[in-house]
Amino acid sequence: MTTARIAGAAVPEARNGSGAAVAARTRGLRKVYRGTVAVDGVDLEVPEGAVVGMLGPNGSGKTTTIRMLLGLVQPTEGEIELLGVPMPDAADRVLPQVGALVEGPGFHPFLSGWENLQRLAAAEPLLAGRELDGAVSTALERVGLAGAARRKYRAYSLGMKQRLGLASALLAPRRLIVLDEPTNGLDPAGTQEVRRIIAELHAQGVTVLVSSHLLAEVEATCTHVVVLNQGVVVAQGALDDLLESGSPTLLVTTPDGASAVDVLRDHRIPARLAPDGVRVDLTTTTPATVIETLVRAGTRVDEARRERAGLEEAFARLTHDVGELVGEPDLEDAEAVR
Ligand SMILES: Nc1ncnc2c1ncn2[C@@H]1O[C@H](COP(=O)(O)OP(=O)(O)OP(=O)(O)O)[C@@H](O)[C@H]1O
């Protein structure tokens, strides 16, 4: 184990089996609430420097997993390691380097946004007294709340409350930022800002774990994904690998889509008419065969473009029927969940 020194604090640097540094890891994490299994044997790995999107349908265990990682919920079983340190041991040493936005951050309704952040900043072990005002101003500016800093928290809209929560996560220098549904309640401009903040954090080398319902957001901002379904991890790894695991298609642009589909089906090539052309499943054929088949049959082909499956398709495939799963396949095994 090596030691990394960040923001003046010495913390160990964890590594996974392949030698890559890991910011957060769980083993066999399980949470049962009075008979409801919320999280069931989760082995999570958040690579250092990655932006990891945690996806899953409602009730799949995202919030419970995040809360357990942060020490806000006691696991029923399992182990957690944060920034190389087993939790809850040394939580005092590690948690100051972890910024979090979770539901109900507990702001005081009768204090202003500025005053609320001041109180939180004063409790940050990594901030010296003379740094507090600067840290509060910077955090408020970063989330676009500088203009409303003196207004009472209770007068904030849902989106402004969400922004203040994000500002509190950004108050001090962090190695890991954990955001549970950060775009909840935000308008499109706010969503864009969250995307920009995540990109900034990533550029600074900060690891980000973010849960979201917005697949397009995850596709645009994340380097890695974890997909949960019914408390179980059904896929995790690099976003590109997940997208590659879907069935590739060829989009053929032709003036006569209906007859192109007939020709391909006659040759046992799965194809369907789409608004932008004919979509051909390449699982059992190649682009060259598709084009040759169409041209030989006299069908004009204006353009043929290979497409990879989008995150929406991958998500639907992975969360479709977890009942068929045996164990927790990683991305290489993603076909097993089809
Ligand atoms: N405090 C609690 N007491 C009892 N059951 C709970 C509690 N918190 C969560 N659960 C249950 O655990 C399961 C997982 O919930 P969790 O909130 O972790 O899912 P989620 O993926 O974050 O959902 P969502 O996307 O809707 O926020 C659900 O069945 C939920 O009802």
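Modeller: Let us begin with a pair of residues: Val-227 stands opposite Ala-235 in β13. This is a predicted model, in which local features need pLDDT of at least 70 and side-chain atom pairs count only at pLDDT 80 or more, while totals for chains, interfaces and linings use all residues. Residues are numbered from 1 along each chain as its sequence is written, and side-chain values use heavy atoms, with hydrogens and water left out.

Biologist: In which sense do β12 and β13 pair?

Modeller: Strands are DSSP runs of E with at least two residues, helices are runs of H or I with at least four, and both are numbered from the N terminus. Two strands pair if DSSP finds at least two bridges between them. Strand β12 (residues 224–229) has six bridges to β13, and the sense of the pairing is antiparallel.

Biologist: How many of the seven residues of β13 are buried?

Modeller: Buried means under 20% relative accessible area, exposed means over 50%, and partly exposed lies in between (1.4 Å probe, protein chains only). Strand β13 covers residues 232–238 and is mostly covered. The number of its buried residues is five.

Biologist: Which residue in the turn between β12 and β13 has a positive phi?

Modeller: The two strands form a hairpin with two residues between them. The phi in question is about 50 degrees, and the residue in the turn is Gln-230.

Biologist: How far does a polar side-chain atom of His-213 lie from an oxygen atom of the ligand?

Modeller: Backbone N or O atoms also lie by ligand oxygen atoms, at 3.1 Å for Ser-60 and at 3.0 Å for Gly-61. For the polar side-chain atom of His-213, the distance to a ligand oxygen atom is 3.1 Å.

Biologist: Is Leu-83 buried or exposed?

Modeller: Leu-83 is found in the loop between β7 (77–82) and β8. Leu-83 has a positive phi of about 50 degrees although it is not a glycine. Because its relative accessibility is 1%, Leu-83 counts as buried.

Methods:
A polar contact is a pair of N or O atoms within 3.5 Å; within protein, one must be able to donate a hydrogen and the other to accept it, and residues adjacent in sequence count only if both atoms are side-chain atoms.
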